[in-house]
Structure formats: structure tokens, C-alpha cells
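Dear colleague,

Please find below the structure that I am handing over to you. My notes on what was found in it follow directly after.

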Amino acid sequence: MIEIAASLQAANPLDIAAELTSIEGLVDRLHLDIMDGHMVPNLALSTDLVRAIPDTWQRDLHLMVEKPDVVAEWLDLRAGDTLYFHPYAISSPEKLVSSLTDRGVIPGFAINLEYDLPANFATLALVDHFLVMGITPGFSGKHMDEKTTSRIQWLRERFPQATIAVDGGVNDKNALNLIRVGANILVVGSYLFSTADRKVAIDHIRDISL
């Protein structure tokens, strides 16, 4: 089953509460990007804001930070949350994977475009949730890199039971192809929040995925 996650980074930062209300019941999950301005050239979504998200939302958190193990402790993580971090951002990713699992949090790896998948197969095998980046992370509204589909397909062939999310440049034009190569979760940002009628936008994606 295909799920849709709304990326809050693309929402109106001056009216987050209204933006959440506008997509309630339309999407399956809320995607939350936390950036520290060091790992990527931007700041996004403070830990205070993340903690304020109502319990009714299924949360997927993406840490684009230099010390994901430290920042994870600031987030008041809930059992059932998914937390994606970049495995190269920490010396022992297996320790954070184990710590998250012990807390009932689902660990996942965020995978940048330049991350060498074959060379890091053993590390990738530590988790069964992946967030494939379709753009260089930092800012929303970019076009998806053409390598994204082949990278999703590579993961699907080697980890057939994995949950694979794709983030960055997802829209109604590429959704079907992303699903065909193995994506389970489509993270939509600018495509969703740049339109006035969010229901029409999401219905269009769901119709494509049937």
C-alpha cells in the first residue's frame, strides 16, 4: 500500500497550525525535517516545534544534523515514530539504530544522491526503512534528480521487504514511476503546499497510485 507523507518544511512557516488543519485526513503521515545549518546549508523545524506536533499525527522525522544521536534526545520521540538519519553523520550508526529500537522508535537511513549504495551494503542492512533523497537536501522546491529511480530500484531488489520513502521533487508527474520502481511512501512538499486545494492535489496522487 502506498502512503503519502506531507513535508512540513514546505508549509507556510507563519501559520503552521492552519497548514496542519488543511491537510488533516488527506495524508497518511507528517514528514518533519530538522536541519542544523552545518550538515546542510539551511535551518529548519526547531525541536520545540517538532515536540508540539499533536499525538494524532504519524511522525516521520528526518535529521539533517551532524550529531543525530544528540539531537534525537531533544525530540521527545514517541513509540511508533520513524526517525531517519544519515549513517555517515555518526561514527557508529548501529548504536543509534539499537537505541531507537529499544525505545520503540523505528530507525531508518536517509540516503543522499552521492551516497555509494553498493559500497555501504553492510551498513544499509542494519535497518529496513530508507528515505531516498531525490534532491540535494537543504531547500524544498527543487526538481528530482534522474538518478533517484535507479537508486530506489537498487534498494528494492536487495531489500524486498523494506519500506522505501522518496523525498524531494515528488509530484503528480513522477509519482507513478517512483511507485513502479519500489517506493512505498511518497513525501510531498512544494507540490502539496503550493496549491490552494490540497484535497485535489492529494486525490490526484492517490488516483495515480491505484
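The side chains of Asp33 and His31 are joined by a polar contact of 3.1 Å (a pair of N or O atoms within 3.5 Å; within protein, one must be able to donate a hydrogen and the other to accept it, and residues adjacent in sequence count only if both atoms are side-chain atoms). The Asp33 side chain also makes a polar contact of 3.1 Å with the side chain of His62. Asp33 belongs to strand S2, residues 29-36 (helices, H or I, of at least four residues and strands, E, of at least two are DSSP runs, numbered from the N terminus). Asp33 counts as buried because its relative accessibility is 2% (buried means under 20% relative accessible area, exposed over 50%, partly exposed in between, with a 1.4 Å probe and protein chains only).

Please note that this is a predicted model, in which local features need pLDDT of at least 70 and side-chain atom pairs count only at pLDDT 80 or more, while totals for chains, interfaces and linings use all residues. Residues are numbered from 1 along each chain as its sequence is written, and side-chain values use heavy atoms, with hydrogens and water left out.

Helix H9 covers residues 198-209. The buried residues of H9 are Arg198, Ala201, Ile202, Ile205 and Ile208. They lie on the same side of H9, because they cover an arc of only 120° around the axis (the arc of the directions from the helix axis to the C-beta atoms). Val200 and Asp207 are exposed residues on the face turned away from that buried side. At the start of H9, a side-chain oxygen of Asp197 comes to within 3.3 Å of the backbone nitrogen of Lys199.

As for the aromatic residues, five aromatic pairs were counted (rings of Phe, Tyr and Trp, the last by its six-membered ring, pair if their centres lie within 6.5 Å; planes under 30 degrees apart count as stacked, over 60 as edge-to-face and the rest as tilted). The pair of Tyr88 and Tyr115 is tilted, because the ring centres are 6.0 Å apart and the planes stand at 35°. Tyr88 is partly exposed at 42% relative accessibility, whereas Tyr115 is buried at 9%. Phe130 and Phe159 form a tilted pair, with 5.3 Å from centre to centre and 50° between the planes. Phe130 is buried at 0% relative accessibility, and Phe159 is buried at 12%. One aromatic cluster is formed by Phe121, Phe130, Trp154 and Phe159.

Yours sincerely

How values were computed. Expected span 1.5 Å × (residues − 1).
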